Amino acid sequence: MVELGLKHNQSSADSKLYFDYGDGFTEQDSIFLPIKSGRVSKRLIYLEQRPNALRFDPMESEGLFTIQHFQFVKLLPQFAYDRLAQRLANMHYKFRSRGKAKVLQLIREEARDSGRNWRNLALQHYARTFVKRKQTSDYSEWIRTVEAKRVASYPGSLDFDKVSGRPLISIILPTYNTDIELLSSCIDSVLAQSYSHWELCIADDASCLAQVKSCLEKYEKLDQRIKVVFRTENGHISAASNSALSLANGEYVALLDHDDTLAPFALQRVVQSIVDNPQLQLLYSDEDKIDEQGVRFDPHFKPGWNPDLLLSQNYICHLTVLHRALVERIGGFRAGLEGSQDHDLLLRCMPYLNQENVAHIPEVLYHWRAISGSTAQESCAKGYAVSAGLRAVSDYLESEGLKARALPGIAPNSYRVRWDISEPPFGKLAHSNPRWLGYTEALRGGYPCPNMLSQF
């Protein structure tokens, strides 16, 4: 087991180790470790023989760092296999939620069927659970140049305040035992909006931290646009979101998590899109993450409206703005889908959405807080979200009468829809022509087959 801890000044970093077995350092004989500043990362490695030399690249980009912990620990095989199986059960789409013994059994069966060495196969699966954190391009430079230039061209807030029939935006904010500093930062980002015609609807889900209530009461007195309801019983995020929704009077509702922040011009850009197209039912923007030090990283630049992609993952995520009448029409948030309640909400809205009434705002309007244990930081932090998301997709397929089933996807929090194609789509021709039959099998397996499509 290699254990490595760095303290660095980057939003994210990757360290790399190279092993020279006599032919020099090569990418084939290397491993990387995604490094979070101030925390120790661990990764299993298997050395087929004693290496002649070791090369260590602390970071793959320029920056300041301090090595706080670095050691190799020789493991007994039984313990190593236990750790490997545990990570696969937590992180790998094929083995997620399986017991460790079952994981090892499945790998041995796969190795036997494919004629491969089972240990090499296990390590290959294990390696796929590590994802590089560092962006290939400099996001901070993009913020300083591209985004800053774009923001400078925006009209001032007064232009929007004078818009006739300007929409009221109700921001839905459920809270529960939130860190006061992060909660204040979240609410302050709403108060800082360049568009002023909003209301902040907060529902506290019976927090047991007294300072949360004091904080919310302070903000409620500070601005009359802030409305707070204190739930007497904890009902989880769906119930709390519905409580916040019951306070809303706006034509549109925007979804905000209790430790995230909005860009100062977020609502301004939303309202501009609504003014340009009053028929909009759903608006969503690009997003990024923000760490404990306030550093922005890991941007998510999204595609336009794509219902097929929405079945595979909640690519819309943040910022989401929906017409309130539509949210009320489908009954608001659904209890029992906690962890994927937003995805479920969007899927139930999908029958009423199309390219004409959905708008993607190609700007980073939302900053998702990435702290230890959060979904933004660790995709496996909320295991219940995976099963809830799978149920949300399955329920949508059933409600629409679609002959398909949802399975876990390759990446965490993603899903694979397998469509039921019981008969070849081209009748007897498919049985008589192996090329058509192959295309049918590709469809049945749920995979695109571009090379085969090009033959027709």
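At what angle do helix α1 and helix α3 pack, and how far apart are their axes?

**Ground rules.** I am working with a predicted model, where local features need pLDDT of at least 70, side-chain atom pairs count only at pLDDT 80 or more, and totals for chains, interfaces and linings use all residues. I number residues from 1 along each chain as its sequence is written, and side-chain values use heavy atoms, with hydrogens and water left out.

**Entry 1, two helices.** I looked up α1 (residues 77-91) and α3 (residues 118-127), which pack at about 45° with their axes 10 Å apart. I noted that this makes α1 oblique to α3. Angles under 35 degrees count as roughly parallel, over 145 as roughly antiparallel, 65 to 115 as roughly perpendicular, and the rest as oblique. Axes are lines fitted to C-alpha atoms, for helices over the stretch in contact, and angles run from 0 to 180 degrees between N-to-C directions. Helices (H or I, at least four residues) and strands (E, at least two) are DSSP runs, numbered from the N terminus.

I then listed the contact (heavy atoms within 4.5 Å). From α1 it takes Tyr81, Leu84, Arg87 and Leu88, and from α3 Trp118, Arg119, Ala122, Leu123, His125 and Tyr126.

**Entry 2, a sheet.** I found an open sheet of 3 strands in the order β3-β2-β5, paired antiparallel. Its edge strands are β3 and β5 (53-57), each pairing on one side only. Two strands pair if DSSP finds at least two bridges between them. I read 6 bridges between β2 (residues 13-20) and β3, and 5 between β2 and β5. Lysine 16 stands opposite phenylalanine 32 in β3, while leucine 17 has phenylalanine 56 of β5 as its bridge partner.

Are the residues of β3 (residues 30-35) buried or exposed? I found 6 of its 6 residues buried. Buried means under 20% relative accessible area, exposed over 50%, and partly exposed in between (1.4 Å probe, protein chains only). Ser30, Phe32 and Pro34 point one way, and Ile31, Leu33 and Ile35 the other. In a regular strand the side chains alternate between the two faces of the sheet.

I checked alanine 206, which has a positive phi of about 60° although it is not a glycine. Alanine 206 is in the loop between β8 (198-204) and α7 (210-222), and is partly exposed at 23% relative accessible area. Aspartate 298, in strand β13 (residues 296-300), also has a positive phi, about 50°. Last, I noted a cis peptide bond from histidine 318 to leucine 319, with omega near -10°.
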